[in-house]
Amino acid sequence: SVQIACLKPSLMAMIQKAGEHFGAKPVITSGFRPYGRRGSYHRRCEAADFFIPDVPAGRLVQFLRNLPGAGGVGTYCHTKSVHLDTGEPRNWHQCGFRRSFALRVPALAENGSR
């Protein structure tokens, strides 16, 4: 089962906004992970992996990376789910033990703040 009860409201709002944008209900595949890697936002209820049916991961990632408040946005080679967290804005892709990583300038909110 996927534990989502503790996920931060700001994270859930971004996931919901993505669903509204694409007109479909997001499916969360990973939420709180009590035994995740040290420093993981999943362990702090500040990260989720999810997908939106019939939306390619690349389109979802592009939307999320331009969403104010989005921290880490990542992709995997083995699943259609994408990662979203509330941490420092960064992009990454993980495939097995190989991982690419890049910091990103935060998106501006509608009022011009970050």
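## Strands around β4

In this predicted model, strands β3 and β4 pair in the antiparallel sense over 3 bridges, where strands count as paired if DSSP finds at least two bridges between them. The two strands form a hairpin with 5 residues between them, and the bridge partner of G74 in β4 is H83. Helices (H or I, at least four residues) and strands (E, at least two) are DSSP runs, numbered from the N terminus. Strand β4 is also joined to β2 by 4 bridges, and these two strands run antiparallel, with L84 in β4 as the bridge partner of A48.

Buried means under 20% relative accessible area and exposed means over 50%, with partly exposed in between, for a 1.4 Å probe and protein chains only.

## Basis of the model

Residues are numbered from 1 along each chain as its sequence is written. Because the model is predicted, local features need pLDDT of at least 70 and side-chain atom pairs count only at pLDDT 80 or more, while totals for chains, interfaces and linings use all residues, and side-chain values use heavy atoms, with hydrogens and water left out.

## The nonpolar core

The largest nonpolar core holds 21 residues, of which F50, L60, L64 and L84 touch the most other members. Helix α1 (9-22), strand β2 (47-51), helix α2 (57-65) and strand β4 (82-85) each supply at least two residues of this core, and the largest share, 5 residues, comes from α1. Such a core is a set of buried Ala, Val, Leu, Ile, Met, Phe, Trp, Tyr and Cys residues joined through side-chain atoms within 4.5 Å. In soluble globular proteins, nonpolar side chains tend to be buried together.

Leaving aside neighbours within four places in sequence, L84 is in contact (heavy atoms within 4.5 Å) with L11, M14, I15, E46, A47, A48, F50, L64, A70, G72 and V73. V73, found in strand β3, counts as buried at 0% relative accessibility. With the neighbours within four places again set aside, the contacts of V73 include V61, L64, H83, L84 and W92. V73 and W92 are 19 residues apart in sequence, yet their C-alpha atoms are 6.6 Å apart in space.

## Aromatic pairs and charges over rings

The structure holds 2 aromatic pairs. In one of them, the rings of F22 and F63 have their centres 5.7 Å apart and their planes at 70°, so the pair is edge-to-face. F22 lies in helix α1 and F63 in helix α2, so the pair ties together parts that are 41 residues apart in sequence, and both residues are buried. The rings of Y76 and W92 have their centres 5.3 Å apart and their planes at 75°, so this pair is edge-to-face as well. The pair links distant parts of the chain, with Y76 in strand β3 (residues 72-76) and W92 in strand β5 (residues 90-95), 16 residues apart. Y76 is buried with a relative accessible area of 15%, and W92 is buried with one of 5%. Rings of Phe, Tyr and Trp (its six-membered ring) pair if their centres lie within 6.5 Å, and planes under 30 degrees apart count as stacked, over 60 as edge-to-face and the rest as tilted.

Charged side chains are also placed over rings: R44 lies over the face of Y41, at 4.2 Å from the ring centre, and K80 lies over the face of F51, at 4.4 Å from the ring centre. A charge sits over a ring if NZ of Lys or CZ of Arg is within 6 Å of the ring centre and within 35 degrees of the ring normal.

## Residues in the loops

H42 lies in the loop between β1 (27-30) and β2 and counts as buried at 2% relative accessibility. The side chain of H42 reaches the backbone oxygen of A47 at 3.5 Å. Residues up to four places away in sequence not being counted, H42 touches S30, G31, F32, R33, A47, A48, D49 and H83.

C45 lies in the loop between β1 and β2, and its phi is near 65°, a positive value in a residue other than glycine. D54, in the loop between β2 and α2, has a positive phi of about 70° although it is not a glycine. C45 is buried, with a relative accessible area of 8%, whereas D54 counts as exposed at 81% relative accessibility.

Note on methods. Polar contact = N/O pair within 3.5 Å; in protein donor to acceptor, adjacent residues only side chain to side chain.
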